[in-house]
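Open the structure in your viewer and keep the selection tool at hand. The stops below go from one part to the next.

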Amino acid sequence: MHQALYRKWRPQTFDDVCGQEHITSILKYEADHGAFSHAYLFCGSRGTGKTTCAKILAKVVNCEHPVNGSPCGECAACRAIDNGAATDVLEMDAASNNGVDNIRDIRDEVVFAPNALKYRVYIIDEVHMLSGSAFNALLKTLEEPPAHVVFILATTELQKLPATIISRCQRFDFRRIATPVLRDRLLHIAKVEGITLDEDAATLLGKLAQGGMRDAISLLELCAGARRPITPALVNETVGLTGREALLSTVRAIASRDYDALYARIAEVVQSSMDLGVFWQDLISIYRDMLVVKTTPRHAEYLDLTDAECQQLREVSGLFSKETILYHRQLLDSAYVIMQSANALKRVTAELTLTRMCDESLSTSNEALLSRMARLEEMLLSGQFSAPKAQDEPAEQPTPTPAPQPKAEPVTAPEQKPTVQASTPAPKAPAADTEGKRVLRPLRAWPEVVERVTKQSGMAASFLKTAACYTEGESTVIVRFDNDFALMMIDRGDAKDILRGALSVCLQREVRERDLVCEVKPKATEASAIDEIIEELEQDF
């Protein structure tokens, strides 16, 4: 009879268990020193090795000649447990034996000594399925069992266990197995079994397993049934997945609002053997990855992707703002819930959702409005959009004014007072210039300006954080730096343009190139008029 690969390759020693060294090292130490606990609790997601470690522990506590903390596999006790003939090792599934009567049977049996082995071992799988009365019946026995009894409890939902049960056990948390570990194990199994497995396909199978070794090996056996070399294309075809390149092209079509490409993609998925729900899940995962890229520079640590895939993801994520990604993710999640309902029209739901993702104006939600506002801010910062140049018109109008001046010559004397009151020469304040003093007002929105610059140029922002910003008159913005080096770095590249864009957003007006003045902070002797006033007030107090 054929034996499934995951059963054939189930580890027989602690050294064979992959990805759980933080647990197997402790169990091996206890086996070497004979310091076994009376109750163990193994918790973690499926396929991470809980039941496997429980069976290995049941063997090692009864093994006659342990080897480096693992069972020898050759003594009579090990062979009896492997063959299922050991009556002193009882494995119970709490999912189907969850009543109080089942626990009472165990409580009545523990008083008897083992028949042939040193310890009587009870392995209770999915222990969270026990009823409340069954837990109560197990409490006293679990706390003070006879010296010849060992309990091993396994669960995938630790939160459902009473605290009284958890406190009476030695708890071990099984982690999800890393994708590289799964890949290496699959390549080893494929080599021994004579299966041609591509390394990229092994990585893809490891990702699909989501940290479970059993799922990874089962997927390998499923793909091997095609009787041809296992490649990423074969994995996508067998499991019913959409290729990553197709997903990225879908995201690009959303960014460019290419409705034809989106409708064609949905039609291709519907007409093929792939499930539209699986395609939708993959699309949601892509948006999750893009959000990670947009929010942290250490995104490679949180994504199971190759360097080339990370580069592709960075390029695609640059097409959206964080607000747009969150808005699209909300639409995708809502559509997925609708797709799961009975008799839902998945194709219609998918097409309508993609249409809404392409045009935020079709929605009046707060997320859609934030997405549209973020797009306008980016356009303003990048210079793609600028406010109307209303301030330039007065500057151009003085050119025709000299023409009517001859008519105004006869009344020059009476109009001397209005010329003094004219607002055009006022910002220059000639009297103040002659005294070498300038009236500068600190810019309160400077921290916000620095934060906006940080999004586009971290280097420029590092110099702006220590700088000070003031406004002079109606349009001039003065930025003062600590030293000449900081000023030189801001003058290089496009740092100044980025700064002007951020200032334009925060001041809600266009800051032109001539309006921005960058200089080094003056020495203490060159204090401004406001500084002198502050100093005088401090002296008064």
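In which sense do strand β1 and strand β4 pair, and over how many bridges? Select residues 39-44 for β1 and 149-155 for β4: the two pair in the parallel sense over five bridges. Strands count as paired if DSSP finds at least two bridges between them. Within this pair, alanine 39 stands opposite phenylalanine 151 in β4.

This is a predicted model, in which local features need pLDDT of at least 70 and side-chain atom pairs count only at pLDDT 80 or more, while totals for chains, interfaces and linings use all residues. Residues are numbered from 1 along each chain as its sequence is written, and side-chain values use heavy atoms, with hydrogens and water left out.

Next, show the whole sheet. Five strands form an open, parallel sheet in the order β2-β3-β4-β1-β5. Because β2 (89-93) and β5 (170-174) stand at the edges with a single partner strand each, one side of each has no neighbour in the sheet. The twist averages 15 degrees from one strand to the next.

Helices (H or I, at least four residues) and strands (E, at least two) are DSSP runs, numbered from the N terminus.

Last, select leucine 352 in helix α17 (residues 346-358). Leucine 352 counts as exposed because its relative accessibility is 54%, and exposed means over 50% relative accessible area (1.4 Å probe, protein chains only).

Note on methods. Buried < 20%, exposed > 50% of the residue type's maximum accessible area, 1.4 Å probe, protein only. Axes fitted to C-alpha atoms, helices over the stretch in contact; angles between N-to-C directions.
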